[in-house]
Amino acid sequence: MNFEFTEEQKMIQQAAKDYAQRELIKDAIERDEKAEFPAKHIKNLAGLGFLGMMTDPKYGGGGMDAISYVLAIEELSKVDSSVSVVVSVCNSLVNWGIEIYGTEEQKEKYLKPLARGEKIGAFLLSEPEAGSDASSQRTMAEDKGDYYLLNGTKNWISNANSASTYVVIAQTYPEKKYRGINAFIVEKDSPGISLGKHEDKMGMRSSDTHSVMFTDVKVPKENRIGEDGFGFKYAMKVLDGGRIGIAAQALGIASGAFDLALKYSKERKAFGTEICNHQAIAFKLSDMAVKIEAARFFCLKAAWLKDNNMPYGIASAMAKQYSADIAMEVTTEAVQIHGGYGYVKEYHVERLMRDAKLTQIYEGTSEIQKIVISRSLLKD
Ligand code: COS
């Protein structure tokens, strides 16, 4: 076992840290209040190569490994998860699947601009009645010969407005259930696509979340990804990797809140001494640090398995469930350590606590991760 990062991994970690601590922090509170998409930062991060960091350089990406991805997402998420979610969705939910399962034509036309960060992607799986129960797709993709006709509604779509390239999951043969589902690359400006209102969320407020409606949208046959009926497995495989990104995001939120709580506890005095000298606070800090370190190991192990072409679906489910759950615990304690100051916006921790909640919900709730993990335990 080698716990040392390579020079390249350390460089990427530092670049993400520098950007987050110098730039993202400046307007994070304001963006959260206004629920404003961080367009300027996404453009800058795209320029630095983060949106396609894991994609093969042959297709315009950075060719970096999943460990580097975890390190970068953690650093960005210490400050603003509404930004890191764009990096995660583009790399894991959109680029990776097209790179692994797409045709050369699809990679040329769609993956290259995505990997170069010229375009943003979105992944459209969830529906009003198919969130956790992802195989109950109601969006229809009717086979019309040389094109598919898309009709239906997708919900809770990150990057829905800012993306140009959608990957849409839809049902073609309802009688075949999950074996009838397909995945498609759909251009957002196709006639028949309309957006619902921007969701007014509790946390990650400046990420760009909308519902998306499809009315008789024509999708060329050549835009289907993989074999006919591969869409559900495609979505599951893509989510296996996506969950590493969200686990790293939860880890970042927790460690960002911890850093703030540690600093505050060394400055704030009560009963004649800095509050970190009170055991009630010191033990909280210790518990938080242990949980964060465990989450970091989970995230890095899942990434390492992926980098070494070993099965990583269960490891990523464990990483996501644990990291998301401890992010909620750690951010709650960070607010507690700050006392009244923790409850006001200026100190950032209340925002991190609100952001943490979403990591227990999206890309598979904590309960869904337990289904994935327990099924693997009970198999044979
Ligand atoms: N990789 C590859 N194949 C997978 C897979 C994975 N990670 N998970 C399931 N499959 C396959 C199964 O092997 C099965 O195929 P076979 O019958 O050929 O063996 C098929 O997919 C159906 O699997 P299963 O019966 O387990 O499907 P379920 O409907 O029971 O759903 C869960 C399984 C709950 C795990 C799935 O629906 C899920 O992940 N839900 C959450 C979705 C989610 O994250 N939503 C939020 C979206 S935000 S982008």
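What follows is a short tour of the ligand site.

Guide: This is a predicted model, with pLDDT of at least 70 needed for local features and 80 or more for side-chain atom pairs, while totals for chains, interfaces and linings use all residues. Residues are numbered from 1 along each chain, and side-chain values use heavy atoms, without hydrogens and water.

Visitor: Which residues come nearest to the ligand?

Guide: A residue is near if one of its heavy atoms lies within 4 Å. The ligand has 21 residues around it, and Ser132, Tyr178, Lys233, Arg243 and Arg375 come nearest. By class, nine are nonpolar, five polar and seven charged. Here Asp, Glu, Lys and Arg count as charged; Ala, Val, Leu, Ile, Met, Phe, Trp, Tyr, Cys and Pro as nonpolar; the others, Gly among them, as polar.

Visitor: Which polar atoms lie by oxygen atoms of the ligand?

Guide: A polar contact pairs N or O atoms within 3.5 Å. A polar side-chain atom of Arg375 is 2.8 Å from a ligand oxygen. For Arg179, the side-chain distance is 3.1 Å. Gly364 uses a backbone N or O atom, at 3.0 Å.

Visitor: Why does the ligand lie between two domains?

Guide: Domain bounds come from an automatic or database assignment. Domain 2 (121-232) and domain 3 (238-377) both give residues to the shell, so the ligand lies between them.

Notes: Polar contact = N/O pair within 3.5 Å; in protein donor to acceptor, adjacent residues only side chain to side chain.
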